[in-house]
Amino acid sequence: MHRTWTHHPPTPTRSRRRLMAAATAAAIAVGGAVVAAPPAVAADSLFGPNVTIFDETWTADEISEALQAASQEDEFSLNRHQFFFKPGTYGSAAGEDDPLTATDIVNSELGYYQAVAGLGASPEDVRINGAIHVEPVRACEPNPWDCQQPGSLTRFWRSMSNLTFNPIQRPIGADADRPFPSGVADPHQMRFAVSQAAPLRRIDIEGDLTLMGRVGEYASGGYLANSNVDGEILSGSQQQWFTRNSSVGSWNGGVWNMVFSGVDGAPATDFGPLAGGGNGNKTTIDETPIVRESPFLYLDGADYKVFVPRAKQNTTGHDWSTDADAGESIPLDDFYIAKEDATAAQLNAALADGKNLLLTPGVYYLDAPLEIDAADTVVLGLGYASLVPTAGNAAIEVGDVAGVKIAGVTVDAGETLSPVLVQVGPQGATASDPSDPTTLTDVFIRVGGPWAGKATTSIEVNSPDALLDHIWAWRADHGEGVGWTSNVGDHGLVVNGDNVTALGLFVEHYQKNQVVWNGERGRTIFYQSEIPYDPPTQDAYRDGSRLGWASYRVGDGVRHHLAQGLGVYSFFDNQYNNGQNIYVDSGIQVPQRPGVRIESAVSVMLNGTGGINHIVNDTGEAAVAPAGTARFLAVYETETDPNAQNLQVTVPTGDPGEFVWSIDGTNDIVDLGTAVENGDHFAATGSIHPVRVTDTRRSGAAWSVSAQVSDFDSPVSTFSGKYLGWTPSLAEPGGGAVAGDAVQSGFLGGDGLSASSTLGHAPSGHERGSAKIGAELDLRIPIDATDGTYRATLTLTALS
């Protein structure tokens, strides 16, 4: 997004103004009036002072005043806020047809570092008559249409989830006193005019949603997931937007890159040149290939729990179920509830003790990374909880394990260079579970902004089958400590693991490739990227012989990759380059071979000098002056690799193979000799003749060999076969064979070998080959048995 430099925020401050969950009310100034805010219920002792919990004892005006007071944070403030609504109905629907005169509604703006969520198991458990809305920056008074920027281009770091809205919106505070207020909305419409790091999840809107300012100010969003909008979504001036697994009534507008994945009611794909002229901007993917919705805090009766949805494949529409088959409900006792003064040592001790982490709102300064070494660990942040490495360390390191869930966490690079900020799996990681992928959800990275942060790579994914769902990695283009040699960072995301999926990937302003994807069979659905504003010269911004660095880079050795809905934008700001033209050869660089495919890619020259010469490799027209030039490419995939020779071989139908087994060697009687008296029983031992199993079938079907013994008979007496036990073993391993479990003599308890028992087996998919399986026999005969020579029959059975 093109952000003008006349609207930079002030130096960040560590204001201590907070909404406190305390026994005494705080005075909060709203629109010139001073009102008493009631205490948040059950918050201070459990979740700390930065969490406010509303219930139905709060009036709509009191809720609005509390929310509005917290919405005034500066862009790089270090304060954090989480607001929760307990299940119930808030505000009155009486004025829904005339918002400007409606009373008793919840009505507030949503500001920086402010997260608002319901505590119901479903969004329908919390109903808000009113609106919690986001308006653009008001740059021109009294004529806002004269200033389209910055508009909503810096409306970052705010969110809502798990709520139902009956939209009734009106202007609030100083905006309400303007001759032309920004906060006016149509009846039954709510505004959410945001850019990056501002997700809507599990939202039910019983009306319309507009994503742009009242007069169409610029916006660079955005993300909507697992939600329902009954009416129209008006995207209008949004440069791009990603909607996933939702249901919408209709869609209207957008500029360059509107992407829909698994959305009921999504518009048809029209990306690229249109028959009647111009270009379409919409890409619709019928089903999301894999998804895991975000974990969330909720109330089960009077008990707080965290619901962790399971991963699902090939899905459409929203899913708000919290049934057992939809995911796991984890008691709060299984979490360490962290407050912002917690140290890395304390947090790691809790992780080592098997706890999950609930990070309450605040800024956590860490002199060591959070070390997540247990599979299925959950780390859930509230209210934009922020992690800051202080010693050149990472903020998070995930071990070689699967099923880890990290959600709602912001990481600010520290002033000492960190090689990596978030590492998912060590290099060479192998642990994975495609049905339970390690998942990063709403994870936001900043290199610079509050201070001169430094990090070589922001996120490194080494674990196979990982899932990234809504990531914004941002090397700051404004704020504190911003400059080519100050807030340094090479890459926003490096993917080394195979079968990694990214849904909603925003990566901006890094000094080399924004994304490097080395893993096989990667997939990205929606990508937004601005290349850096601030290279001082072309020589300072060059990838070997290539001009500039491609934003989205797929490694030369990758054979299969699919990326859909990509937008790459340039704004080489002449205040840094003194008017020199700086170019990028291509916004996207991939290997030229079948199996590597790019769909719906756009390059845009936003402003400044130079631009982007091609969209993918050497394909696509140049996006250069004048400002606003956009170039579209519907599909890129080559039929052949120009740098390779094609080989062909025909594999004939193979021999199906066979499964055979036999007694290895002689099948003479197994003589256990003369039993030895041993206290209360006679004992005899020996070994069976081993069994040879050979399986050369291509199918690798499972097999097993089992045995059952008859009773032992003599001419004068008998005793039960249950007194015989055994211990199987592999005399010669091979073919994936596994020895059966030991079976004790029935003299010690149980049925011994009088019940069918497994000698050996191989699972489905085993390798072809041969194995020899034997067993040591253990016969224990009751002491009162009649003397004599006894025989029994051990019957072997093979199944496959």
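These legends describe close-up views of a predicted model.

**View A. Helix 3 and its buried side.** Helix 3 spans residues 344-352, and its buried residues are Ala344, Leu347, Asn348, Ala350 and Leu351. These five lie on the same side of helix 3, because they cover an arc of only 155° around the axis. The cover over them includes strand 26 (335-338), strand 27 (356-359), strand 28 (363-366) and strand 29 (370-372). Ala345 and Ala352 are exposed and sit on the face turned away from the buried side. Just after helix 3 comes Gly354, with a positive phi of about 90°.

**View B. The largest cavity.** The model holds four cavities of 30 Å³ or more. The largest cavity has a volume of about 430 Å³. It is lined by 30 residues; closest to its centre are Ser159, Ser161, Ser294, Gly381 and Asp442. Several strands each supply at least two lining residues, among them strand 4 (81-85), strand 9 (158-167), strand 22 (296-300) and strand 34 (439-447). Strand 30 gives the most, with five residues. The lining has 15 nonpolar, 11 polar and four charged residues.

**View C. Nonpolar cores.** In soluble globular proteins, nonpolar side chains tend to be buried together. Here the largest nonpolar core has 73 residues, of which Leu387, Ile396 and Ile406 touch the most other members. Setting aside neighbours within four places in sequence, Ile406 is in contact with Ile372, Val379, Ile396, Val398, Thr439, Leu440, Thr441 and Val443. A second, separate core has 39 residues, including Trp58, Ala60, Phe165 and Val263.

**View D. Two cis peptide bonds.** Most peptide bonds are trans. The bond from Gln149 to Pro150 is cis, with omega near 5°. Pro150 is in the loop between strand 8 (126-133) and strand 9. The bond joining Gly221 and Gly222 is also cis, with omega about -5°. Gly222 lies in the loop between strand 12 (208-210) and strand 13 (223-225).

View E. Most residues other than glycine have a negative phi. Asp104 has a positive phi, near 55°. Its place is the loop between strand 5 (88-90) and strand 6 (106-109). Asn314 is in strand 24 (residues 312-315). With a relative accessible area of 47%, Asn314 is partly exposed.

Note on methods
Residues are numbered from 1 along each chain as its sequence is written. This is a predicted model: local features need pLDDT of at least 70, side-chain atom pairs count only at pLDDT 80 or more; totals for chains, interfaces and linings use all residues. Side-chain values use heavy atoms; hydrogens and water are left out. Buried means under 20% relative accessible area, exposed over 50%, partly exposed in between (1.4 Å probe, protein chains only). Helices (H or I, at least four residues) and strands (E, at least two) are DSSP runs, numbered from the N terminus. The arc is that of the directions from the helix axis to the C-beta atoms. Contact means heavy atoms within 4.5 Å. On a 1 Å grid over the protein atoms alone, a cavity is a set of points where a 1.4 Å probe fits but cannot get out, and a pocket is an open set with protein on both sides within 12 Å along at least five of seven lines; lining residues have an atom within 4 Å of a point. Grid points are joined across faces, edges and corners, and a volume is the space filled by probe spheres set on the points. Ala, Val, Leu, Ile, Met, Phe, Trp, Tyr, Cys and Pro count as nonpolar, Asp, Glu, Lys and Arg as charged, and the others, Gly among them, as polar. A nonpolar core is a set of buried Ala, Val, Leu, Ile, Met, Phe, Trp, Tyr and Cys residues joined through side-chain atoms within 4.5 Å.
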